[in-house]
Amino acid sequence: TYLKLRPDRVAMQDATAQMAVLQFMSSGLPKTRVPTTIHCDHLIEAYQGGPKDLAKAKTTNQEVYDFLASAGQKYGMGFWKPGSGIIHQIIFENYAFPGGLMIGTDSHTPNAGGLGMLAIGVGGADAVDVMAGLPWELKAPKVIGVNLTGKLNGWSSAKDVILKVAGILTVSGGTDAIVEYFGEGVESMSCTGMGTICNMGAEIGATTSFFPYNQRMAEFLESTGRADIAQTANHYKDFLKADAGAHYDQIINIDLNTLEPHVNGPFTPDLATPISQLAEAVKKNGWPDEIKVGLIGSCTNSSYEDMQRSASIAKQALDKGVKSKAGFMVTPGSEQIRATIARDGQMETLGAIGGEVLANACGPCIGQWKRTDVEKGQRNSIVSSYNRNFARRNDGNEATHAFVTSPEIVTALSIAGRLSFNPLKDTLVDKDGKPFRFEPPSGDSLPSRGFDAGEDTYQAPAEDGSGVTVKIAASSDRLQELKAFTAWDGKNYEDLQVLIKAKGKCTTDHISMAGPWLKYRGHLDNISNNLLIGATNAENGKANTVKNQFTGEFGAVPDVARQYKQKGVGWVVIGDENYGEGSSREHAALEPRHLGGKAIITKSFARIHETNLKKQGMLPLTFVNKADYEKISGDDRVSILGLDTFAPGSQITLRVHKGQGNVDIPLKHTFNEGQIQWFKKGSALNAIKEEILSGARA
């Protein structure tokens, strides 16, 4: 069942906003029809520290910022300038409210669930639907309940709840489900701690996660200048929690009294290891024990409480004359957090152990890190309080073993300099050669003197934007106006080439890498040069090396795709399980469409990516029998039959043309009637424009 919903607002970060805004511009509408904001957080590279990195970003990305700022002015979108902070922290501090429904063009949008809001990550085309005033479509989710009993204590934190849940459900266990937390244990968590849990729910594939309204939320709303919202929520609180006897499709029970700190990774966020077993796991698996860099902050863990608990560990080390053995980096989640921890002293304490304060931005969490302490290919370990740790995710180095944990555990491990250190029981040596053990971290969930807002970095839209010109330079290599994709010709797809048979994990990072490629997010042709360069070719076990079936030569995936397109040959990708997990980036769907792709055929899809492919007129199809994945090679040519009778629930046949004859493989799809129209018209945007034009004529 598909739901037609009306979200209360839309939020977009600057990397995904570029393409979303370009799509909205082509709709022909004069103004967004729901409140919408743009947040500049993704394009700031961590290298020389916050002030210098921010200044460089403003220069390097000026044309993109000018484009987004002018588009915001014209089309009625609020614009948060670079340096404001990370989108999810800004939403939490300013816009999230209990009982609301919002979408955001970032997979960690569910962060707002910590304030009792249903917040869902989507692709840019979905955002365009909502901005255009059209209903937003969502496959009706299941509901997974997580019953929290007991109380957080000692070293355990809200982060450990989601790290444990990730270990239970894995990276795909939450797909097409909302995760709802309940039980007495909820009361022992801060509002921002609940946000942490909901934020990282993206790593289990959940549609979203959220908590019932409670007093901790009211306190946070009051502390951020929204006492009126707290008062209204208090009046309607019985509607902002689960009904008695509510049904859950699955229930997970977690006892907070006995919950251990967890460290998850490397290379996947669902490999969960309790801290008491980490040293053994390091030895058994041969993971590099020395920690090169510890990183705290990010949209997942950069609250006042997070910084204060980390600073309490740092203070203990300083009292013993000890500093961090590992490199140590601190990312404030927002200008408000930066200003407040600067005023209250946590920033000074974290700096005193060797911490470098980065800009209020995503930074290393999304690969925006000009790392110089190790060579590419050098095996090393890093620990962070981030949410995602796929290979190459943080620094572009596939040999980096990235582990995610709570910020206080990151701080303790960084001071010790090794993964095998257990801060709950192991000792370090102070400046006098005497052993000491850390006391558990401590800290207030909210600042006793209130928040310091810091620098004002918000630009409100113009009341009348009709006279505003959106800034796009004709010669730009970073911004490119979109051309409509061609409509389906009404025929079955015949004689397509398999571009690549991807093996194993293939996230949106593998399909469309971030890091240095972020600069091209507004230029579809240029960013398409990173298509699938991180995917592993099942034929040779290598990344970004596929055989051109016309020349017999091996080349980069995007180069071969362009060569097929130039010859007028369509192509398909064959994928493994949970294809497209990770970030919401719709470029992972736009790029294959732009370079001539017709279908992506996999064992299973991640929710957002499957929808993104549909939106761009691609065919996301899955094997009826997953074992049929083995019947196809990267050298095959295929036909997709049954499109002439394409309907909800219909079967599609993949005919594989082998030298010894044809092999027919049954495929299934999840298209509904409206989505089939997207395919037939060439894209959802084409369908939207047609609908708007027909409405205008009427």
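Biologist: Which residue forms a salt bridge with Arg343?

Modeller: Asp344, with the closest N and O atoms 2.7 Å apart. A salt bridge here is a side-chain nitrogen of Lys or Arg within 4 Å of a carboxyl oxygen of Asp or Glu. This is a predicted model, where local features need pLDDT of at least 70, side-chain atom pairs count only at pLDDT 80 or more, and totals for chains, interfaces and linings use all residues. Residues are numbered from 1 along each chain as its sequence is written, and side-chain values use heavy atoms, without hydrogens and water.

Biologist: How many salt bridges by that rule?

Modeller: The count is 27.

Biologist: What about Arg309 and Glu408: how far apart in the chain?

Modeller: Their side chains meet in a salt bridge at 2.6 Å, N to O. The pair links distant parts of the chain, 99 residues apart. Arg309 is in helix α11 (residues 304-319) and Glu408 in helix α14 (residues 407-416); helices are DSSP runs of H or I, at least four residues, numbered from the N terminus.

Biologist: Is Glu408 buried or exposed?

Modeller: Buried, at 2% relative accessible area. Buried means under 20%, exposed over 50%, partly exposed in between (1.4 Å probe, protein chains only). Arg309 is buried too, at 12%.

Biologist: New topic. Which side chain of opposite charge is nearest to Arg226?

Modeller: Asp228, 7.2 Å away. Arg226 is buried yet has no salt bridge.

Biologist: Which backbone oxygens lie by the Arg226 side chain?

Modeller: The Ala96 oxygen lies 2.9 Å from one of its polar atoms. For the Glu93 oxygen, the distance to a polar atom of the Arg226 side chain is 3.2 Å.

How values were computed. Lys, Arg positive; Asp, Glu negative; His and termini not counted. Polar contact = N/O pair within 3.5 Å; in protein donor to acceptor, adjacent residues only side chain to side chain. Helix = DSSP H or I, 4+ residues; strand = E, 2+ residues; numbered from the N terminus.
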